[in-house]
Amino acid sequence: MLQSAQYSLDLIQDEARELVRKGVVSRHQPIYILCQFIPPREWACIECELERCNFLLRDRIGDLLGREEWEND
């Protein structure tokens, strides 16, 4: 999973998008569910980046991912 000490919003979104794609989490679950998939020592950095970008842990994962583009409509 996430292993770098630098956590950008893009990196967090990519990780969440991959978990949604695999069916491990739902877009309707709160963002804090992601902490189950990220080592605790790294979660604090994720929380700080989310807060910096005005996301709350109770917001839905779908809010974090925003609008998605579909290749085959």
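Helices (H or I, at least four residues) and strands (E, at least two) are DSSP runs, numbered from the N terminus. Keep that in mind at each stop.

**Before you start**

This is a predicted model, where local features need pLDDT of at least 70, side-chain atom pairs count only at pLDDT 80 or more, and totals for chains, interfaces and linings use all residues. Residues are numbered from 1 along each chain as its sequence is written, and side-chain values use heavy atoms, with hydrogens and water left out.

**Stop 1: the whole chain**

Show the chain as a cartoon. How many helices and strands does the chain have? There are three helices and zero strands. Along the sequence the pattern reads α-α-α.

Buried means under 20% relative accessible area, exposed means over 50%, and partly exposed lies in between (1.4 Å probe, protein chains only). Of the 73 residues of the chain, 34% count as buried.

Next, look at contacts, meaning heavy atoms within 4.5 Å. Take the contacts with a separation of 6 or more: residues 24 or more positions apart account for 69% of them.

**Stop 2: helix α1**

Select residues 9–21, which form α1. Show the side chains. You are looking for salt bridges: a side-chain nitrogen of Lys or Arg within 4 Å of a carboxyl oxygen of Asp or Glu. The structure holds four of them.

Pick Arg17 and Asp14. They form a salt bridge, and their closest N and O atoms are 3.3 Å apart. Why are Arg17 and Asp14 separated by about one helical turn? Because they are three residues apart in helix α1. An α-helix has 3.6 residues a turn, so residues three or four places apart point the same way. Arg17 is partly exposed at 28% relative accessible area. Asp14 is partly exposed too, at 45%.

Now pick Arg21 and Glu18. This salt bridge has its closest N and O atoms 2.6 Å apart. Both residues lie in α1, three residues apart, about one turn of the helix. Arg21 counts as exposed, with 60% relative accessibility. Glu18 is partly exposed, at 30%.

**Stop 3: helix α2**

Select residues 40–52. These 13 residues make up helix α2. The expected span is 1.5 Å times one less than the number of residues.

Which residues of α2 are buried? They are Glu42, Trp43, Ile46, Glu49 and Leu50. Turn the view to look down the axis of α2. The buried residues fall within an arc of 125°, so they line one face of the helix. That arc is taken from the directions from the helix axis to the C-beta atoms. These buried residues pack against α1 (9–21) and α3 (61–65).

Look at the face turned away from the buried side. It carries the exposed residues Arg41, Cys48, Glu51 and Arg52.

Zoom in on Glu42 and Arg41. They form a salt bridge, with the closest N and O atoms 4.0 Å apart. Arg41 is exposed, at 67%.

**Stop 4: the cysteines**

Select Cys45, which lies in helix α2. A disulfide is a pair of cysteine sulfur atoms within 2.5 Å. By this rule the count comes to zero. For Cys45, the nearest cysteine sulfur is that of Cys48, 6.5 Å away. Cys45 is partly exposed, at 36% relative accessible area.

Cys45 and Gln6 are 39 residues apart along the chain, yet their C-alpha atoms are separated by 8.0 Å.

Then click on Cys53. It counts as partly exposed, at 22% relative accessibility.

**Stop 5: Asn54**

Select Asn54, which follows α2. Where does Asn54 lie? It sits in the loop between α2 and α3. Asn54 has a positive phi of about 65°, although it is not a glycine. Most residues other than glycine have a negative phi. Asn54 is exposed, at 68% relative accessible area.
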